[in-house]
Each structure stands twice: as C-alpha cells, then as structure tokens.
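Subject: Handover of a structure and the findings from it

Dear colleague,

Please find below the structure that I am handing over to you.

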Amino acid sequence: MSSPRRVVAGNWKMNHGPGAAREFAEALDLPISEDLDVVLFPPSLSFASLRASLEAKNAPVALGVQHVHHETSGAFTGEVSAAMAAEAGARYVLVGHSERRQIFGETDDQVRRKVDAVFEAELVPVLCVGETLGERKASRLEEVLGRQLGAVVSPGAIQERMDAGQALIVAYEPVWAIGTGETATPDDASQAHRFLRGRLREWTSPETAARTPILYGGSVKPENAAELLSAPEVDGVLVGGASLDPDSFSRIIAAVGPGTQ
Ligand code: PEP
C-alpha cells in the first residue's frame, strides 16, 4: 500500500500583497527535497505575482487558493470559483478552515459543496477540521472531527472520485492552537490523526486512507516542525503565521528534511 506524500503548506491568510509575494519568492531558500510537496496559499490578488516569481527561479512550489465559491460562475460579488483557480494555475484549495467556519459562518454543508466543486475542477481540496478548546475539554474531539470529516467524506460519491485517482488532503487544525502560540503535543496530533485515518478507512477504502496525507496545523514553527512531523500518522504541516517570513518557512522546509518513507 502506498504511503502518503509529505507536505509542507503555508497559508498566508490576508497577508502579503503582490509586491511582498514577489519579495518572498525571491528570498525563499532552495533546493527543496524531491520527496516533499511544498504548497503556498497566497491571497488571490497576489497569486499571479507569486506564481511568476517562483517560476522565474524554478522553485518546486505549488500554489493553492484559500477559498472558492461552490458555483462555477454567476452573480456572487467578491467570490472566485474553483474553475477560475485552476485556470490561474492553482493545484490546491483550502476548504473548511476554522476562520471561514467561525468568522464567515461556513457550515458543514457549504464545505461539502465546495469540496465537490474543487474535485469538479480537478484540484485537490485541503479539508481543514479541528475542535475548539471547549469541545476538547468536553471530550468531544472525536465527535467534532467525525462530523466535519463525515460531512465531506462519508458520501459514496467522494470514494468514486478518489478511486478515479483524485486526491484529498486532510488538515487537523485544533482551533485552540491556531495563531495562539499553543501547539498540540506530537501525541495529541497522532491521536487525532489516527482517528481521522480510521474514519477514512471506514468511509473510503484502506488504499485511499493509506495514501491520503493528514497534515497538522496550529502554531507550527521552525523549532517544532521536525518533532511534529516525526509523530506517527503526521504526514505534513499546514503553517499560518510562520509561513509569512521566507526565512522561517525555509527553515521549516529544511527541518522536515528528506524523508525516510
Ligand atoms: C492556520 O491558519 O492554518 C494556522 C495553522 O495558523 P498558525 O500556524 O498561525 O497557527
């Protein structure tokens, strides 16, 4: 059974305009190990500038967008579609990030429709799931993760897509660890990832579950990236704040280093 690819992804959120994106690309350290997928999620307006600057230095960094609408086009002021993201050169789309769920009120049903749209555009959804501190303290971790993943993965249609070779990435991002400086311990991350992998196995197939990368996100820094990535079931990291600085993002990539898988 094939193991998942290892992934280091950076979510810039609403930071870095086109000029800052170009400077970031120029300062990013290369080379990047061939067995590592590095992905950046810039704001949509900085996408073209970042793409051109990375291409100019042959950097093996793929790009994604942070958000899409589930329709392909229409009267949805301010939105972009997955098809547009694909045309612009994106390969990945973040879906269900806790900031989208909490600040913009995105529901599990909207997340499911977005994932469908992302698959339809032949892009890879990076599905974010995670519990709040209150939910963790109330021992509701598995209930919350199961509900958020199940909203997307349990319907048979997803399995058909995955059997047809399309990929999904899952990111476990405990809400209490995002932007707070608090990090889950490697054991906490492994426990949540093991649960998610088990559900994937149940709802898809052993092969799909085995090849689906499950990333950890929540205050990942150069100092803790290697330890988190060496935890069982952790296939990569999704980095917010520390991905904004080319030096710290490069150090995270270096800390993850060439893999042993
Ligand atoms: C994120 O927003 O996905 C994230 C993990 O943020 P941070 O690394 O800043 O906690």
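Let me begin with A82, which counts as buried because its relative accessibility is 3%, under the limit of 20%. This residue is found in helix α3, which covers residues 82-88. A82 and A117 are 35 residues apart along the chain, and their C-alpha atoms are separated by 6.3 Å. Please bear in mind throughout that this is a predicted model.

Aromatic pairs

How many aromatic pairs does a search of the whole structure find? The search finds three. One of them joins F24 and F249 in a tilted arrangement, with 6.2 Å from centre to centre and 45° between the planes. This pair links distant parts of the chain, since F24 belongs to helix α1 (residues 18-27) and F249 to helix α12 (residues 246-256), 225 residues apart. F24 is buried at 2% relative accessibility, and F249 is buried as well, with a relative accessible area of 0%.

A second pair is formed by Y172 and Y216, whose ring centres are 6.3 Å apart.

The largest pocket

The largest pocket has a volume of about 520 Å³. Its lining is made up of 18 residues, and those nearest the centre of the pocket are M14, Q66, H67, R100 and F104. By kind, the lining divides into eight nonpolar, six polar and four charged residues. Which helix gives the most to this lining? It is helix α4 (residues 98-103), with three residues.

Two of the residues named above are also placed against each other: R100 lies over the face of F104, at 4.1 Å from the ring centre.

Helix α4 also holds E99. With a relative accessibility of 26%, E99 counts as partly exposed, because that value falls between the limits of 20% and 50%. The C-alpha atoms of E99 and V175 are separated by 8.8 Å, while the two residues are 76 residues apart along the chain.

Backbone details in the loops

Several points concern the backbone. The peptide bond that runs from L30 to P31 is cis, with omega near 0°. P31 is found in the loop between α1 and β2 (36-41).

S139 has a phi near 60°, which is a positive value in a residue other than glycine. S219 likewise has a positive phi, near 55°, and is a residue other than glycine. Where do these serines lie? S139 lies in the loop between α6 (133-137) and α7 (141-153), whereas S219 is found in the loop between β7 and α11 (225-229). S139 is exposed, with a relative accessible area of 67%, whereas S219 counts as buried at 15% relative accessibility.

One more loop residue remains. A231 lies in the loop between α11 and β8 (236-239), and it is buried, with a relative accessible area of 7%. A231 and L36 are 195 residues apart in sequence, and from C-alpha to C-alpha they are 17 Å apart in space.

With kind regards

Terms used
Residues are numbered from 1 along each chain as its sequence is written. This is a predicted model: local features need pLDDT of at least 70, side-chain atom pairs count only at pLDDT 80 or more; totals for chains, interfaces and linings use all residues. Side-chain values use heavy atoms; hydrogens and water are left out. Rings of Phe, Tyr and Trp (its six-membered ring) pair if their centres lie within 6.5 Å; planes under 30 degrees apart count as stacked, over 60 as edge-to-face and the rest as tilted. Helices (H or I, at least four residues) and strands (E, at least two) are DSSP runs, numbered from the N terminus. Buried means under 20% relative accessible area, exposed over 50%, partly exposed in between (1.4 Å probe, protein chains only). A charge sits over a ring if NZ of Lys or CZ of Arg is within 6 Å of the ring centre and within 35 degrees of the ring normal. On a 1 Å grid over the protein atoms alone, a cavity is a set of points where a 1.4 Å probe fits but cannot get out, and a pocket is an open set with protein on both sides within 12 Å along at least five of seven lines; lining residues have an atom within 4 Å of a point. Grid points are joined across faces, edges and corners, and a volume is the space filled by probe spheres set on the points. Ala, Val, Leu, Ile, Met, Phe, Trp, Tyr, Cys and Pro count as nonpolar, Asp, Glu, Lys and Arg as charged, and the others, Gly among them, as polar.
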